[in-house]
Amino acid sequence: MSIPQHWGYPRFALDQRTKDGIILGLYCYPNGTELAEQFDEGWRYVLMPNKNSDEISYLQENQIQPLSPQELFTQITAEIEFYQRQISILQQQLTVLTQGANNG
């Protein structure tokens with residue numbers, strides 16, 4: 001992605017986890033445009049508060065709450081544990097399937 005130098009750099013990145021959800025998109029109302037005059041200049045973000053929902057929210061940069069390192073660590077650890085359980089279940093299903101094929 002290329003950002004014009006006169007826009008300034010966004011504070012948050014795509015796919016970043018925040019207290020408000022995961023950032024799915026971003027757009028800018030650059031200084032000197034009609035949109036910036038009407039709605040304030042700066043970055044806007046599209047967030048999905050819950051990955052199991054089709055709900056999305058649109059927030060300005062100053063409305064987004066970043067996660068603390070501990071909160072981010074906890075979220076990522078929980079997600080890893082969830083996927084490890086899913087992998088274990090799939091491995092058990094493969095074991096049952098291959099044992100059934102060898103016995104048949």
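A word on conventions comes before that. This is a predicted model, in which local features need pLDDT of at least 70 and side-chain atom pairs count only at pLDDT 80 or more, while totals for chains, interfaces and linings use all residues. Residues are numbered from 1 along each chain as its sequence is written, and side-chain values use heavy atoms, with hydrogens and water left out.

Let us begin with the sheet. Four strands make up an open sheet, ordered β1-β2-β3-β4, with antiparallel pairing. Strands here are DSSP runs of E with at least two residues, helices are runs of H or I with at least four, and both are numbered from the N terminus. Two strands pair if DSSP finds at least two bridges between them. At the edges are β1 (17-18) and β4 (57-60), each of which pairs on one side only.

Strand β1 is joined to β2 (residues 21-29) by two bridges, and these two strands form a hairpin with two residues between them. Within that pairing, Arg-17 has Ile-22 in β2 as its bridge partner. Seven bridges then connect β2 to β3, and four connect β3 (residues 42-48) to β4.

Two residues of the sheet deserve attention. Tyr-29, in strand β2, has Gly-42 of β3 as its bridge partner. Is Tyr-29 buried or exposed? Tyr-29 is buried, because its relative accessible area is 14%; buried means under 20%, exposed over 50%, and partly exposed in between, with a 1.4 Å probe and protein chains only.

The second residue is Arg-44, in strand β3, which stands opposite Gln-60 in β4. Arg-44 is buried yet has no salt bridge, and the nearest side chain of opposite charge, Asp-40, is 5.6 Å away. A salt bridge requires a side-chain nitrogen of Lys or Arg within 4 Å of a carboxyl oxygen of Asp or Glu. What does lie by the side chain of Arg-44 is backbone: a polar atom of this side chain is 2.5 Å from the backbone oxygen of Phe-39 and one is 2.7 Å from that of Asp-40.

I turn now to the salt bridges. How many does a search of the whole structure find? There are three. In one of them, Arg-17 meets Glu-79, with the closest N and O atoms 2.7 Å apart. This pair links distant parts of the chain, since Arg-17 is in strand β1 and Glu-79 in helix α2 (residues 69-103), 62 residues apart.

Another salt bridge brings together Glu-71 and Lys-19, at 3.7 Å from N to O. Glu-71 belongs to helix α2 and Lys-19 to the loop between β1 and β2, so this pair ties together parts 52 residues apart in sequence.

Glu-79 also meets Lys-51 in a salt bridge, at 3.6 Å from N to O. Through shared partners, Arg-17, Lys-51 and Glu-79 are joined into one network.

Finally, the surface. Leu-24, Tyr-27, Ile-56 and Tyr-58 make a nonpolar patch of about 380 Å², and Tyr-58 is in strand β4. Patch residues have over 30% relative accessible area and no salt bridge; like charges are joined within 9 Å and nonpolar side chains (Val, Leu, Ile, Met, Phe, Trp, Tyr) within 5 Å. Accessible areas come from the Shrake-Rupley method with a 1.4 Å probe, and for residues only the protein chains shown count as cover.

Definitions and conventions:
Lys and Arg count as positive and Asp and Glu as negative; His and the chain ends are not counted. A polar contact is a pair of N or O atoms within 3.5 Å; within protein, one must be able to donate a hydrogen and the other to accept it, and residues adjacent in sequence count only if both atoms are side-chain atoms.
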